[in-house]
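We will go stop by stop.

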Amino acid sequence: DDLPQDALLIARNMGPAELLDYDQSRLRAVVLEEGSATAHVTIVAKALRIPMLGRVERILERAEPGDPVIVDADTGFVFIRPGEDVEETFATSMAARNSMQAEFAALRSEPAITRDGVEISLNVNANLIFDMAHLGDAGADGVGLFRTEIPFLVQGDVPPVEQQAKLYSEVLARAHGRPVTFRTLDIGGDKAMPAFAQAASAEGNDIGAEENPAMGWRSLRIGLDRPALLRNQLRALLQATAGGDLKVMFPMVSEVAEFKAARKILDIEVARMTERGSQVPGRIDVGAMIEVPILAWQIDPLLKVADFVSIGSNDLLQFLFASDRGSPRIADRYDPLSPAGLNFLGQLVEQCDATQTPISLCGEMAGRPLDAMALVGLGFRTLSMAPSSIGPVKTMIRSLSAGDLKRYLDSLQDVAEHSLREKLREFAIDHGVMI
């Protein structure tokens with residue numbers, strides 16, 4: 001509450017719930033000594049349109065309270081006590097960036113179609129009610145991922161069913177008919193909800209004490225172990241979408257058996273509403289997030305019971321590479337555009353295409369134009385990202401020939417290199433793709 005206007009927050013590290021404690025209208029940027037581009041706090045900051053930089057060594061030693069600071073989150077630079085020449089250069093850069101944003105805004109009503117006629121659905125990732133305002137501003141097709149846990153984190157407790165239903169109804173109202181995919185609670189790990197964590201600790205399940213919280217008691221695992229928590233959320237979603245369409249997906253699914261157990265809880269709630277004469281959604285699509293690699297080897301049985309799947313690339317890639325996404329030492333050690341990583345994703349697309357099961361990707365990869373270009377080449381036709389990424393990605397898509405890119409990627413399948421990033425960048429330059 002005592003945060004000054006135009007404040008810069010400097011810290012060693014923080015979680016997404018801590019960031020939400022600050023007044024976003026006054027907070028202009030965040031700089032962390034630790035953190036990474038795919039840490040949850042960074043993702044939430046991007047959604048809130050707060051510039052954030054991580055892994056800025058000794059920033060706590062170098063900056064003093066009251067120092068003027070320039071944070072350039074696009075290029076990764078922090079200027080402490082900048083001189084006039086730096087300020088002038090930065091002002092020029094900001095003007096150029098604003099001009100580019102105006103060009104992106106001009107494309108808002110234009111479709112995301114490649115030069116050879118392939119249509120890509122671009123959606124936004126949303127966290128809170130006010131994020132829904134960005135849906136129309138960005139010209140997005142819908143909400144590919146609504147993180148239902150963020151309002152829980154803001155409140156610090158589990159809201160009652162009625163309050164949850166009111167929230168989800170408001171989200172749908174602000175979507176103005178565009179589809180919204182709700183992800184059930186993804187708490188645990190670095191998204192600890194204080195009241196829930198205290199209750200769990202009293203039962204001997206200390207979430208914060210886990211040595212590997214990303215692979216610990218979190219997400220759907222908590223929902224299945226605490227079925228009342230999951231049932232109440234699903235009940236609220238059913239009430240909010242009564243008479244309409246419900247699209248819901250379960251995170252951190254490790255086995256088909258877990259997905260079926262979660263879907264059974266949903267079916268029980270639907271039957272309960274029907275027996276009581278309550279209106280239920282006219283259509284219910286239930287999906288699974290592929291974040292745990294072992295699920296890829298269960299894809300055939302999964303696609304028999306799931307209506308759609310969504311790739312959570314942030315977690316999936318950290319597990320594939322055994323690389324902690326929050327570790328500053330290895331955050332950039334492995335590249336999502338490695339041959340192995342792209343082949344893995346490409347195989348999932350092929351398997352889903354074979355059964356005509358919709359597949360999307362909602363991780364940070366989707367919002368980076370070069371990475372998104374690779375995903376389109378692999379066959380992804382639905383991507384979900386931060387609202388600010390829609391313009392740059394749409395610009396890239398409208399300058400791309402998907403067929404040419406696919407043929408190029410096919411020629412690189414057996415390349416044994418650390419990353420294909422530079423080769424893809426060269427392809428983009430040679431073919432006039434705006435990245």
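Start by selecting arginine 183, which stands opposite methionine 249 in strand 9. Strands here are DSSP runs of E, at least two residues long, and helices are DSSP runs of H or I, at least four residues long; both are numbered from the N terminus. The model is predicted: local features need pLDDT of at least 70, side-chain atom pairs count only at pLDDT 80 or more, and totals for chains, interfaces and linings use all residues. Residues are numbered from 1 along each chain as its sequence is written, and side-chain values use heavy atoms, with hydrogens and water left out.

**Stop 1: around strand 9**

Select residues 180–183 and 245–250. These are strand 8 and strand 9, which run parallel and are joined by three bridges. Two strands pair if DSSP finds at least two bridges between them. Find aspartate 245: its bridge partner in strand 10 is arginine 283.

**Stop 2**

Next, look for an open sheet of three strands, with the order 1-2-3 and parallel pairing. Its edge strands are strand 1 (7–11) and strand 3 (52–53), and each pairs on one side only. Five bridges join strand 1 to strand 2 (residues 27–32). Zoom in on alanine 11, which stands opposite leucine 32 in strand 2.

**Stop 3: a cavity**

A cavity is a set of points on a 1 Å grid, over the protein atoms alone, where a 1.4 Å probe fits but cannot get out; lining residues have an atom within 4 Å of a point. There are four cavities of 30 Å³ or more. A volume is the space filled by probe spheres set on the points. Its lining includes Thr184, Ser219, Gln233 and Pro251. Helix 9 (220–225) and helix 10 (227–240) each supply at least two lining residues.

**Stop 4: two crossing helices**

Finally, select helix 15 (residues 369–378) and helix 17 (residues 402–410). How do they cross? Their axes, lines fitted to C-alpha atoms over the stretch in contact, come within 8 Å and cross at roughly 85°. Angles run from 0 to 180 degrees between N-to-C directions. That makes helix 15 roughly perpendicular (65 to 115 degrees) to helix 17. Show side chains for the contact (heavy atoms within 4.5 Å). Helix 15 contributes residues including Met373 and Leu378, and helix 17 contributes residues including Leu405 and Lys406.

Conventions: Parallel < 35°, antiparallel > 145°, perpendicular 65-115°, else oblique. 1 Å grid on protein atoms, 1.4 Å probe; cavity = no way out; pocket = protein on both sides within 12 Å on 5 of 7 lines; lining within 4 Å.
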